[in-house]
Amino acid sequence: MDKAERIKRMKVPTIDPALALRLPPGQVLTERFPILHEGEVPVYDMAEWTLRVFGEVDREVTLTYEQFMDLPQTTVTCDIHCVTRWSRFDNAFTGVRFRDFMKAIGVTPQSSYVMLHGDQGYTTNLALSDLDRDDVILAHSIDGEPLTDKHGWPLRLVVPHLYFWKSVKWLRGFEFIDENKPGFWEQNGFHLNGDPFQEERFSGEALPIPEDEWEKKEFD
């Protein structure tokens, strides 16, 4: 049995029925914040940092970090769910809602799909409808404190209703594309959509991820 199949079949604790509407099937609730990512943690010269919106749009925009921080700020409290089977409730992320971001920069999409770009060459795909929600936020802080470098500072996307690999760390760009093309993990066995309540974890291909990986990682 390959590792992906073991993840699918691993036993998880029985949860309180009161949590059934919040905790997706196959998930384990934790108060810790596991650190999982590919590659090295970037080191930034913030004077050189930019965030781009490009591709199939009426005009392309590039923002500095100062310009981004001048946009309307808000705090969204949400649950997050990782494909490696941990969930964490009531995370208060502060930043700019995607809806407010697009309105503030005055960009009109010309397509229904987006490729998200993070540093270290990371990408993930999303439908525009998955971004255009009240709780989707470009976050720089959590629980009143700046995100740590390992959790995505200076900016990460948070898409609470999908598995957390869709919430790109070290976010650097929104590329609007004409079809729903797979990103990094989607090309390596993860589901194209990633709905945790539907357990859209895998595409069916084997994945080199042990079922207890998150328990062996660092935590904040």
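**Holding the values against the rules**

Modeller: The side chains of T124 and E186 come together in a polar contact of 2.6 Å.

Colleague: What makes the T124–E186 pair a polar contact?

Modeller: The rule wants an N or O atom pair within 3.5 Å, and within protein one atom must be able to donate a hydrogen and the other to accept it (residues adjacent in sequence count only if both atoms are side-chain atoms). At 2.6 Å the T124–E186 pair is inside that limit, so it gets the name. Mind you, this is a predicted model, where local features need pLDDT of at least 70, side-chain atom pairs count only at pLDDT 80 or more, and totals for chains, interfaces and linings use all residues. Residues are numbered from 1 along each chain as its sequence is written, and side-chain values use heavy atoms, with hydrogens and water left out.

Colleague: Why is T124 called buried?

Modeller: Buried means under 20% relative accessible area, exposed means over 50%, and partly exposed is in between (1.4 Å probe, protein chains only). T124 has 0%, so it counts as buried. It is found in strand β7; strands here are DSSP runs of E with at least two residues, helices are runs of H or I with at least four, and both are numbered from the N terminus.

Colleague: Which residues is T124 in contact with, leaving aside neighbours within four places in sequence?

Modeller: Contact means heavy atoms within 4.5 Å, and the partners of T124 include V114, W165, K166 and E186.

Colleague: What makes K166 and E186 a salt bridge?

Modeller: That takes a side-chain nitrogen of Lys or Arg within 4 Å of a carboxyl oxygen of Asp or Glu. K166 and E186 come in at 2.8 Å, N to O, so they qualify. K166 sits in the loop between β10 (156-158) and β11, and E186 in the segment after β11, 20 residues apart. Both K166 and E186 are buried.

Colleague: And how do you know that R52 and E60 form a salt bridge?

Modeller: Their N to O distance is 3.8 Å, still inside the limit, so they pass. R52 has 34% relative accessible area, which makes it partly exposed, whereas E60, at 51%, counts as exposed.

Colleague: Which parts does the D119–R172 pair tie together?

Modeller: D119 and R172 meet at 2.9 Å, N to O. D119 is in the loop between β6 and β7 and R172 is in strand β11, so the bridge ties parts 53 residues apart in sequence. By the salt-bridge rule the count is 10, and R22, D79 and D90 are linked in a network.

Colleague: How do you know that β6 and β7 pair?

Modeller: Pairing needs at least two DSSP bridges between the strands. β6 (residues 113-118) and β7 have five and run antiparallel, so they pair.

Colleague: What is the strand order in the open sheet?

Modeller: The five strands run β3-β2-β11-β6-β7, with mixed pairing. β3 (61-64) and β7 (123-127) are called edge strands because each pairs on one side only.

Colleague: Last one: what makes S87 buried?

Modeller: S87, in strand β5 (residues 86-97), has 0% relative accessibility, so it counts as buried. Its side chain also makes a polar contact of 3.0 Å with the side chain of Q27.
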